[in-house]
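Morning. I will talk through the aromatic contacts in one model and then take comments.

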Amino acid sequence: QVQLVESGGGLVQTGGSLRLSCAASRSIVNIYHMGWYRQAPGKQRDLVASITRGLITNYADSVKGRFTISRDNAKNTIYLQMNSLKPEDTAVYYCNADTTFYNTLVFPWGQGTQVTVSS
């Protein structure tokens with residue numbers, strides 16, 4: 001079974017940057033359309049960025065122009081570069097296959113990585 005391990009979160013001030021990583025236990029990132037999700041307290045988990053096998057990226061309006069998703073097939077890892085962070089970006093961030101494309105949860109959720117942006 002595939003395991004996804006997210007890392008790179010932390011506490012940052014408004015306007016700061018973080019780079020999140022998601023390492024997969026098997027070679028999947030070059031097979032599946034992948035995405036980064038986030039879940040703030042009391043809210044649903046939302047897709048914020050996705051990347052297809054053909055490297056086409058898509059972003060939620062709330063992060064467009066500030067976040068960049070990428071992947072390294074050799075390392076079975078996807079990344080989320082987050083710049084110009086805002087307090088409303090505070091959430092636990094997860095990666096998984098793109099559920100909007102597959103219409104189902106493909107892999108078990110990892111533990112996520114906490115991002116906290118202070119004002």
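Predicted model: local features only at pLDDT ≥ 70, side-chain atom pairs only at ≥ 80, totals over all residues.

Residues are numbered from 1 along each chain as its sequence is written, and side-chain values use heavy atoms, with hydrogens and water left out.

The structure has five aromatic pairs; rings of Phe, Tyr and Trp (its six-membered ring) pair if their centres lie within 6.5 Å, and planes under 30 degrees apart count as stacked, over 60 as edge-to-face and the rest as tilted.

One of them joins tyrosine 32 and phenylalanine 107: the ring centres are 5.0 Å apart and the planes sit at 75 degrees, so this pair is edge-to-face. Tyrosine 32 is in the loop between β3 (18-24) and β4 (34-39), phenylalanine 107 in the loop between α1 (99-102) and β10 (113-118), 75 residues apart. Helices (H or I, at least four residues) and strands (E, at least two) are DSSP runs, numbered from the N terminus.

Phenylalanine 107 is buried at 7% relative accessible area, while tyrosine 32, at 25%, is partly exposed. Buried means under 20%, exposed over 50%, partly exposed in between (1.4 Å probe, protein chains only). Tyr32 and Phe107 form one aromatic cluster with Phe101 and Tyr102.

Next, tyrosine 37 and tryptophan 109: centres 5.1 Å apart, planes at 85 degrees, so edge-to-face. Tyrosine 37 is buried at 3%; tryptophan 109 is partly exposed at 31%.

Finally, arginine 45 lies over the face of tryptophan 109, 4.2 Å from the ring centre. The criterion is NZ of Lys or CZ of Arg within 6 Å of the ring centre and within 35 degrees of the ring normal.
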